[in-house]
Amino acid sequence: MWNERYAGDEYVYGTEPNAFLAKHTGMLSGPVLSLGEGEGRNAVFLASLGLNVHGVDGSEVGLAKALALAQSKAVKIQTEVADLGVFEPGENCYGSVVSISAHLPSAMRRRLYPLVERCLRIGGIILLEAYTEDQLARDTGGPKDPDMLMTRDKIEREFPNFEPILLRELEREVSEGKYHTGIASVIQFIGKKKT
Ligand SMILES: C[S@@+](CC[C@H](N)C(=O)[O-])C[C@H]1O[C@@H](n2cnc3c(N)ncnc32)[C@H](O)[C@@H]1O
């Protein structure tokens, strides 16, 4: 499905970074692990700020476009084609983890998110934006399966060892490519790994 979506020349989520990420880059330190990086807009942006970025995605087509975008902007990113259902990040080696619209089934999150915690250094940051269950009533993007959509409760349950720096559900105007356009219900989370 994702390879098909990314098959054309167009960058379907655009080439500009996610707005929430762009606003909070000051909180991030490298290396950055980006989950579900897709066509590279966020990784390339972070690399342009001087951060080392490791973008992981199941779509080799998306990540090939990510590398092409990086080359066009004269920055370097590291990419890895991997299914997040089995991906094992290294331990204690990232300063930040970024998850932008990387909606996953709860069973997959249950396995992955403890590994996200483990891969971060103490004090490391997770920055996540996802559609909430309220987004089901809209046709402005996101999966139609409530299990893949996030809520405040899910964030609090699934990231128990993070101190929330920011956690809010809101409606915002999204203009991030043809699949993510219009008023959307999102959750935004920045958490700091506790000691
Ligand atoms: C909505 S796109 C967002 C892409 C990118 N984060 C952005 O903001 O432009 C979701 C991405 O998650 C990836 N993805 C979804 N499920 C995955 C899985 N199980 N393993 C690896 N990647 C996955 C897809 O390939 C896709 O690139």
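**Overall fold and local features of the predicted model**

The model is a predicted one, in which local features need pLDDT of at least 70 and side-chain atom pairs count only at pLDDT 80 or more, while totals for chains, interfaces and linings use all residues. Residue numbers start from 1 along each chain, as its sequence is written. Along the principal axes, the C-alpha atoms of the protein chain fill a box of roughly 40 × 40 × 30 Å. Of the 195 residues, 42% count as buried; a residue is buried if 20 or more other C-beta atoms lie within 10 Å of its own, exposed if 12 or fewer, and partly exposed in between, with C-beta atoms placed from the backbone. Among contacts with a separation of 6 or more, 69% come from residues 24 or more positions apart, where a contact means that two C-beta atoms, placed from the backbone, lie within 7 Å.

A walk along the chain comes next. The protein chain holds six helices and seven strands, and from the N terminus on they follow the order α-α-β-α-β-α-β-β-α-β-α-β-β. Helices (H or I, at least four residues) and strands (E, at least two) are DSSP runs, numbered from the N terminus.

The seven strands form an open sheet with the order β3-β2-β1-β4-β5-β7-β6 and mixed pairing. Its edge strands are β3 (78–81) and β6 (162–175), each of which pairs on one side only. Neighbouring strands of the sheet are turned against each other by 15 degrees on average, direction ignored. Strands of a sheet pair through backbone hydrogen bonds, in either a parallel or an antiparallel sense; two strands are taken to pair if DSSP finds at least two bridges between them. With β4 the pairing is parallel over six bridges, and the bridge partner of Y94 in β5 is L120. With β7 (residues 181–193) strand β5 pairs in the antiparallel sense over seven bridges, and here E129 stands opposite Q188 of β7. Strand β5 is mostly covered, nine of its twelve residues being buried.

Helix α5 (residues 106–119) lies across β1, β4, β5 and β7 and runs at about 140 degrees to β5. Helix α3 (residues 41–48) lies across β1 (32–35), β2 (53–57) and β4 (94–100), running at about 175 degrees to β2. For these angles, axes are lines fitted to C-alpha atoms, for helices over the stretch in contact, and values run from 0 to 180 degrees between N-to-C directions. Helix α3 is largely enclosed by the rest of the structure, because seven of its eight residues are buried. These are R41, N42, A43, V44, F45, L46 and A47. The buried residues of α3 pack against α2 (19–23), β1, β2, α4 (60–72) and β4. After α3 comes G50, with a positive phi near 100 degrees.

Between α2 and β1 lies H24, which is partly exposed, with 17 other C-beta atoms within 10 Å. Leaving aside neighbours within four places in sequence, H24 is in contact with L127 and I190. The C-alpha atoms of H24 and D9, 15 residues apart along the chain, are separated by 29 Å. The loop between α2 and β1 also contains P31, joined to G30 by a cis peptide bond with an omega of about -10 degrees.

N92 is found in the loop between β3 and β4 and is exposed, with 12 other C-beta atoms within 10 Å. S101 lies in the loop between β4 and α5 and is buried, with 22 other C-beta atoms within 10 Å.

Finally, there is the ligand. Of the 19 residues around the ligand, W2, G36, G38, G58 and L84 come nearest, a residue being near if its C-beta atom, placed from the backbone, lies within 6 Å. The shell divides into six nonpolar, nine polar and four charged residues. In this division Ala, Val, Leu, Ile, Met, Phe, Trp, Tyr, Cys and Pro count as nonpolar, Asp, Glu, Lys and Arg as charged, and the others, Gly among them, as polar.
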